[in-house]
Amino acid sequence: MTIFFIKSLLSLMLLLGACLSMYTMFEIFGRGPSAASAGNFKKLHKASGYIYVLLFVLVSYLCIGFMTASKAELSSRAALHVVIAWSLIVLFIVKVLFVRVYRQFYGHARTIGIVMGVMSFVLVGITSGHYLVVSGFGKDRSVDKSAYYELRGPLLRVVGTGIPASSVIRTDRQSIGRGRTLFLSRCATCHDPLTTNTIVGPGLKGLLKNPALPVSKHPATAESLRFQLRQPMGRMPSFAYLTEDEMSDLIAYLNTL
Ligand code: HEC
């Protein structure tokens, strides 16, 4: 399971929490003075509030962990996500203050509750929802930027995966020679090494000199190439049967294009 997948599942639970909070709030305030069991709903509302906060903290922790580990520039979707998340935190604090301290504003707390509920849906929809839909509920890992990272250690620290040695690119002539032979026998039917023209797959000239891979736009690194060979995107066959050594040779050759 990748970080994005775990995060998305937690986010769905967070949405359930938001739904429960809204529902209990409606039951408490929406039915007028005759509502008999408001006490129970209040307890339930409090409980769902705690669950919401707990999940929010957990998901935020994964988000921040991934951001610091990947050091990636935020996409516009992720930036919007951050803005909404921060707004939710502020709204939540204001709401608690209205309920506990500034009781004159008590009535506004309900409106804030509804706004928070709606914002939660937007928040989860634009990222987790989007991710789950485009990845076929986590099946297609090529759209998953977090596939390069995994959780390690008791404090859920996110660390980049891949043995560091695998990201070192060989530059000796023997390796490049072996890689070239491999390329000609396994890859050249679909990839032109001398241009960027498409045969079946894209031409690979300058592959590792560009910042990003041509199709997936993953960073052009040895790690991304290994990932593509093992779990290729699109119609490219998998080369997971190659040994680590053969992959290193292949990458040594690709590095010269
Ligand atoms: C049967 C044809 C075929 C063979 C053989 C093949 N590829 Fe591909 N390759 C593709 C296609 C098609 C794509 C583009 C994927 C897409 O458009 O969904 C691709 C994409 C790529 C990419 C770009 C990936 C990205 O993330 O943008 C690289 C790099 C690559 N191939 C390297 C190789 C290497 C190295 C070999 C040999 C070990 C190889 N391919 C063998 C068809 C092939």
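Colleague: Which residues does Ser11 touch, not counting residues up to four places away in sequence?

Modeller: Leaving out residues up to four places away in sequence, Ser11 touches Val59, Val124 and Ser128, where contact means heavy atoms within 4.5 Å. This is a predicted model, in which local features need pLDDT of at least 70 and side-chain atom pairs count only at pLDDT 80 or more, while totals for chains, interfaces and linings use all residues. Residues are numbered from 1 along each chain as its sequence is written, and side-chain values use heavy atoms, with hydrogens and water left out.

Colleague: Where is Ser11 found, and is it buried or exposed?

Modeller: Ser11 is found in helix H1, residues 3-30; helices (H or I, at least four residues) and strands (E, at least two) are DSSP runs, numbered from the N terminus. With a relative accessible area of 5%, Ser11 is buried, a term that means under 20% relative accessible area, with exposed being over 50% and partly exposed in between (1.4 Å probe, protein chains only).

Colleague: Let's move to the ligand. How many residues surround it, and which are the closest?

Modeller: The ligand is surrounded by 24 residues, of which the closest are Cys187, Cys190, His191, Ser216 and Met236; a residue is near a molecule if one of its heavy atoms lies within 4 Å of it. By class, that shell has 17 nonpolar, 5 polar and 2 charged residues, where Ala, Val, Leu, Ile, Met, Phe, Trp, Tyr, Cys and Pro count as nonpolar, Asp, Glu, Lys and Arg as charged, and the others, Gly among them, as polar.

Colleague: What coordinates the iron atom of the ligand?

Modeller: His191, through NE2, and Met236, through SD, coordinate the iron atom of the ligand at 2.0 to 2.1 Å. Donors here are N, O and S atoms within 2.8 Å of the metal (3.2 Å for Na, K and Ca), and water is not among the atoms, so sites may look incomplete. His191 lies in the loop between helix H5 (173-186) and H6, and Met236 in the loop between H6 and H7, so the pair ties together parts that are 45 residues apart in sequence.

Colleague: Why is the arrangement around the iron called octahedral?

Modeller: The arrangement is octahedral because the 6 donor atoms around the iron atom of the ligand subtend angles of 86 to 177°. Four donors count as tetrahedral if all angles lie between 85 and 135 degrees; four count as square planar and six as octahedral if opposite donors are over 155 degrees apart and all others between 65 and 115, and anything else is irregular. Ideal angles for six octahedral donors are 90 or 180 degrees.

Colleague: How accessible are His191 and Met236?

Modeller: His191 counts as buried at 12% relative accessibility, whereas Met236 is partly exposed, with a relative accessible area of 21%.

Colleague: Which polar atoms lie 2.7 Å or 2.5 Å from atoms of the ligand?

Modeller: A polar side-chain atom of His191 lies 2.7 Å from a nitrogen atom of the ligand. A backbone N or O atom of Val215 lies 2.7 Å from an oxygen atom of the ligand, and a side-chain N or O atom of Ser216 is 2.5 Å from an oxygen atom of the ligand.

Colleague: Back to H6. How many of its residues are buried?

Modeller: In H6, 7 of the 9 residues are buried, so the helix is largely enclosed by the rest of the structure. The buried residues of H6 pack against H7, and Arg226 and Gln228 are among them.

Colleague: What does the side chain of Arg226 make a polar contact with?

Modeller: The side chain of Arg226 makes a polar contact with the side chain of Glu244, at 2.7 Å. A polar contact is a pair of N or O atoms within 3.5 Å; within protein, one must be able to donate a hydrogen and the other to accept it, and residues adjacent in sequence count only if both atoms are side-chain atoms. Arg226 is buried, with a relative accessible area of 4%.

Colleague: And what does Gln228 touch, not counting residues up to four places away in sequence?

Modeller: With residues up to four places away in sequence left out, Gln228 touches Met233 and Met236, and its side chain reaches the backbone nitrogen of Met233 at 3.3 Å.
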